[in-house]
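This report describes the fold of a protein chain and the arrangement of its aromatic rings.

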Amino acid sequence: MDVAGMHELCASFPGAWPDNPWDHEHPVFKVGPAERGKIFAFLGSDKVGVKAGATREVADEWLDRYPDDASVMAYIGRSGWNDLALEGGIPDDELAEAVEESYRLVVSRLPRKDRPAGWEG
């Protein structure tokens, strides 16, 4: 999957919107009201950062399955965030599932009033 395809996928989730708080080349994708939106994907030119599991142990399964294409994200990796290579050994359908799971994990932690219409947990 290329970065344009990943951008399109991230934008397709209910209530998802791009933000660029650090003026990077590519945005992060958030869900929830603007003032309280939470990041579910960090888009890069060759990778996507996702909440890969509710715990670090669950997220480590990605590292075991794809040691050359998955890595612990800097700073927030201890909380279950991984970087996944867009073009490498991870099949596109698994990348899409990882982003969807990240979205689901983030939305499920939002207050009910901030969850987007059309989201089903």
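From the N terminus on, the elements of the protein chain follow the order α-β-β-β-β-α-β-β-α, which comes to three helices and six strands (DSSP runs, H or I of at least four residues for helices, E of at least two for strands). The model is predicted: local features need pLDDT of at least 70 and side-chain atom pairs pLDDT 80 or more, whereas totals for chains, interfaces and linings use all residues. Residues are numbered from 1 along each chain as its sequence is written, and side-chain values use heavy atoms, without hydrogens and water.

The C-alpha trace spans about 40 × 30 × 25 Å along its principal axes. Of the 121 residues, 44% are buried (under 20% relative accessible area, 1.4 Å probe, protein chains only).

The structure holds seven aromatic pairs (ring centres of Phe, Tyr and Trp, the last by its six-membered ring, within 6.5 Å; planes under 30 degrees apart are stacked, over 60 edge-to-face, the rest tilted).

Phe13, in the loop between α1 (3-11) and β1 (16-19), and Phe40, in strand β3 (residues 38-43), are 27 residues apart. Phe13 is buried at 12% relative accessible area, and Phe40 is buried at 0%. Trp22 lies in the loop between β1 and β2 (28-31) and Phe42 in strand β3, so their pair ties together parts 20 residues apart in sequence. Ring pairs also link Phe13, Phe29, Phe40 and Tyr103 into a cluster.

Key:
Buried < 20%, exposed > 50% of the residue type's maximum accessible area, 1.4 Å probe, protein only.
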